[in-house]
Amino acid sequence: MLKRSRHRCIFMTISLILLLTAYTTGCSRQPSKNNNDKYQGDTVNLIYYTIGEPDKDLQLVNDKINEIMARKIGVTITYIKVGWQEYEDRLNTLISAGSPFDIAFAPNYATTAMRGAWLRLDDYLTSSGKDLYDTIDPTFWQGVRMNDGGIYGVPTNKELAVRDHWMYPASIVKKYNIDITKYNTLESLEPLLRMIQQNEPAYVPMELDRDSQNFFALYGYEYIVNHKVPLMVKSLDPNAKVVNIFETKEARQVLNTLRRYYKEGFINKDAALRETGGLKRWDKVFWKSSGGGPLSETTWSKDRGYKVVSNPVTPSVVTTESVRGGIMAVNANTKHPIACIKFLNLLNTDPEIRNLFNYGIEGVHYTLDEHGQVAPIPGKDSHGDPIPDAPASYAGVQYTLGNWFILKTMGGDNPEPLDKWDQFRKYNAELIKSTVLGFTPDLSKLTAQTDNIEMIWKKYYPSLMTGTVEVDTILPKFNEELKQAGIEEVRKEVQKQLDAWRGVKR
């Protein structure tokens, strides 16, 4: 009898434990990693802003994203894309007006973070966002950490160093047997550009736009604030001083060379007015510069409509600017911080959702070839015939949308290698870090000066950096007006903060 009672007691205890376990699990259910296991609970909708021209099929893709995310994590999004030329102004207006939104691509991450626009993420990255944190290369986190020690944005896990590449049409390079690795300075290009001008009149020898390129990186400089405040420092010199780059001999050499090339007719005449991205597909351009990592020429070839080859010309250095090139941030005023972290976590760790954001819907926007690579489906005309160069009905802006290393590779006419992401990992492992990686000057007390400097920059930079105007006449005016705007005051403050930062680091 005693034995039976003991067994009954044990049985009742185990039953009670199982009942309590089932009850608590049901109440605090975590999203399962099993794609077939549906999330149970209320669904939260987030408003998400990012850069890029709104797509014809954006709502279609948004609906598919929401179908999957609601099932996996109980989160949906309102996916809003704002055009390239309007995005920064739109975002600043949203922040200033306190308009409701939850997540945004943050092109001016440091400035907006210091304005208090973004949620500090440190605590979330050790809890609900730990998978996200562990997925991304630690150097990115070092680069996005602000001077107060906080992290206010999620960087895109991609190439760590964005080097300037000079690209050329593969057919012309082959035709004239050009060794593109010989051309690493602006001055070295002159005989090559002259030959193209004479022998290939259908080609523009050199294409520039109003934002031009950071030719100063050829000399080892990087921006210390942002590219519209022309203060720079030598990346690999631990004692380098902050300078107004337009007062240096290197800048004078760059500007003189560009002016000569413009007068020779090497540079497109509309360079000072041309918007970034203004080059049309199939346009015949011999030399063009763009920032990228390994294998970038495969993407550029698809963009240009013909095969290009490229040569990196700037140092392999990880800079603050390069690691902050694709940041997603959470609104400090969001009502749904946990849902935001769930979304960012999924976007950076789940291949299904990441590829959907990047390529659209399989079977609608692309198919997979025999190697599992993405083959975009071309648009069709009224007769149902393919239009090879029709604009895509959906295209994600890859560098703004999270972890690259879970993306499928591209197939097609210029297929990417199947080991693309292994090549990226190798590339990242071999880079050198800038001596000022992660330094962020706080210029909140000098906003009037920086605003005025940016206005002067917009007035003079496009014409100077495309060779459109006489350097001897315009450069002194540019520098004088920069001084009147307060650039020397800003330079001294940045230098003071950099010296203090270096002292702590050492």
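How are helices α2 and α13 oriented to each other? In this predicted model, the axes of α2 (residues 58–73) and α13 (residues 337–349) come within 11 Å and cross at roughly 110°; since angles of 65 to 115 degrees count as roughly perpendicular, α2 and α13 are therefore roughly perpendicular to each other. The crossing of these two helices, α2 and α13, is right-handed. On the α2 side the contact involves Met69, Lys72 and Ile73, which meet Lys342, Phe343 and Leu346 of α13, and by class this contact comprises 4 nonpolar and 2 charged residues, with no polar residues.

Helix α3 (residues 87–97) has Tyr87, Leu91, Leu94 and Ile95 as its buried residues. Seen down the axis of α3, these buried residues fall within an arc of 95°, so they line one face of the helix, whereas the face turned away from the buried side of α3 carries the exposed residues Asp89, Thr93, Ser96 and Ala97. The cover over the buried residues of α3 includes the strands β1 (44–51), β2 (75–82) and β3 (103–105), together with helix α4 (109–114). Just after α3, Gly98 adopts a positive phi of about 70°.

In helix α15 (residues 420–429), the residues Lys420, Trp421, Phe424, Tyr427 and Asn428 are buried; they cover an arc of only 110° around the axis, which puts them on the same side of α15. These buried residues of α15 pack against β5 (163–169) and β10 (285–292), while Asp422, Lys426 and Ala429 are exposed on the face of α15 turned away from its buried side.

Methods:
Residues numbered from 1 in each chain as written. Predicted model: local features only at pLDDT ≥ 70, side-chain atom pairs only at ≥ 80, totals over all residues. Heavy atoms only, no water. Axes fitted to C-alpha atoms, helices over the stretch in contact; angles between N-to-C directions. Helix = DSSP H or I, 4+ residues; strand = E, 2+ residues; numbered from the N terminus. Parallel < 35°, antiparallel > 145°, perpendicular 65-115°, else oblique. Left-handed = near helix turned anticlockwise from the far one by under 90°. Contact = heavy atoms within 4.5 Å. Nonpolar A, V, L, I, M, F, W, Y, C, P; charged D, E, K, R; others polar. Buried < 20%, exposed > 50% of the residue type's maximum accessible area, 1.4 Å probe, protein only. Arc of directions from axis to C-beta.
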